[in-house]
Amino acid sequence: MFCDWKAVHQALCNLLENAIKYTPDSGTITVGTRPDTRAGFVRFYVRDTGIGIPKEDLPRLFERFYRVDKARSRELGGTGLGLAIVKHLARSHGGDVAVESEPGSGSTFSFTLPDHDNGIGAHPVSFSDHDEAPVAAS
Ligand SMILES: Nc1ncnc2c1ncn2[C@@H]1O[C@H](COP(=O)(O)OP(=O)(O)OP(=O)(O)O)[C@@H](O)[C@H]1O
Ligand SMILES: [Mg+2]
């Protein structure tokens with residue numbers, strides 16, 4: 001992989017946090033990687049068997065502060081920035097984000113990162129313990 005390991009850590013944590021929040025205790029969460037269809041990129045994915053997301057919400061999901069069920073999300077806490085940050089991290093490495101979901105069956109969120117120095121990741125986003133995570137430019 002050619003990326004900032006803190007970026008991978010942050011992106012996976014954000015997706016896992018969501019998977020845990022939106023999946024009942026009896027559900028399953030799977031994390032993995034696979035070669036992307038785009039040569040030179042690896043896809044990281046987090047799959048859950050949770051509540052899923054209605055089709056009409058999918059296009060806006062990675063926007064800052066966008067939340068599907070306002071009341072429920074407020075109850076569960078957070079600000080609605082997690083996915084925007086994942087998108088920012090992937091993009092800053094030349095990668096992308098994707099989501100597939102079926103209400104009632106679950107969701108698969110994924111992002112790609114380069115497996116080599118593509119010249120973009122040569123200056124990866126870095127975090128210090130005191131940094132605020134960057135906010136995505138959409
Ligand atoms: N795995 C998932 N299953 C179902 N809905 C999800 C899932 N992940 C995200 N969502 C929906 O997408 C919205 C945006 O997610 P995002 O991570 O950006 O914000 P958040 O989790 O609400 O807050 P934060 O990440 O800032 O703590 C969530 O509020 C939720 O409605
Ligand atoms: Mg979140």
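Modeller: Confidence first, since this is a predicted model. By pLDDT (the predictor's confidence in each residue, from 0 to 100), helix α2, residues 70-76, comes out lowest with a mean of 79, while strand β3, residues 97-102, is highest at 98. Helices here are DSSP runs of H or I with at least four residues, strands are E runs of at least two, and both are numbered from the N terminus. The protein chain averages 85, and 83% of the residues score at least 70. Where pLDDT is low, the predicted coordinates should not be read in detail.

Some bookkeeping: residues are numbered from 1 along each chain as its sequence is written, and chains are lettered from A and ligands numbered from 1 in the order in which they are written. Local features need pLDDT of at least 70 and side-chain atom pairs 80 or more, while totals for chains, interfaces and linings use all residues, and side-chain values use heavy atoms, leaving out hydrogens and water.

The chain has three helices and four strands, running α-β-β-α-α-β-β from the N terminus.

Now the interior. A nonpolar core is a set of buried Ala, Val, Leu, Ile, Met, Phe, Trp, Tyr and Cys residues joined through side-chain atoms within 4.5 Å. The largest one has 24 residues, and Leu15, Phe44, Leu61, Phe109 and Phe111 touch the most other members. Elements giving two or more residues are α1 (5-21), β2 (41-48), α3 (82-92) and β4 (106-114), with α1 giving the most, six. Skipping neighbours within four places in sequence, Phe111 is in contact with residues including Val8, Leu12, Leu15, Phe44, Val86 and Val97.

Arg43 is also among the contacts of Phe111. Arg43 sits in strand β2 and counts as buried because its relative accessibility is 10%. Its side chain makes a polar contact with that of Ser110 at 2.8 Å; that term means N or O atoms within 3.5 Å, and within protein one must be able to donate a hydrogen and the other to accept it, with residues adjacent in sequence counting only if both atoms are side-chain atoms.

As for α3, eight of its eleven residues are buried, among them Leu83, Val86, Lys87 and Ala90. Those buried residues pack against α1, β3 and β4. Just after α3, Gly94 takes a positive phi of about 85 degrees.

Leu83 also turns up at ligand 1: it is one of the closest of 21 surrounding residues, along with Asn18, Lys21, Asp48 and Arg67, counted as having a heavy atom within 4 Å. Ligand oxygens lie 2.8 Å from a side-chain N or O of Asn18, 2.9 Å from one of Lys21 and 3.2 Å from a polar backbone atom of Gly82. The protein covers 95% of the 600 Å² of accessible area that ligand 1 has on its own (Shrake-Rupley, 1.4 Å probe; for residues, only the protein chains shown count as cover).

Conventions. Buried < 20%, exposed > 50% of the residue type's maximum accessible area, 1.4 Å probe, protein only. Contact = heavy atoms within 4.5 Å.
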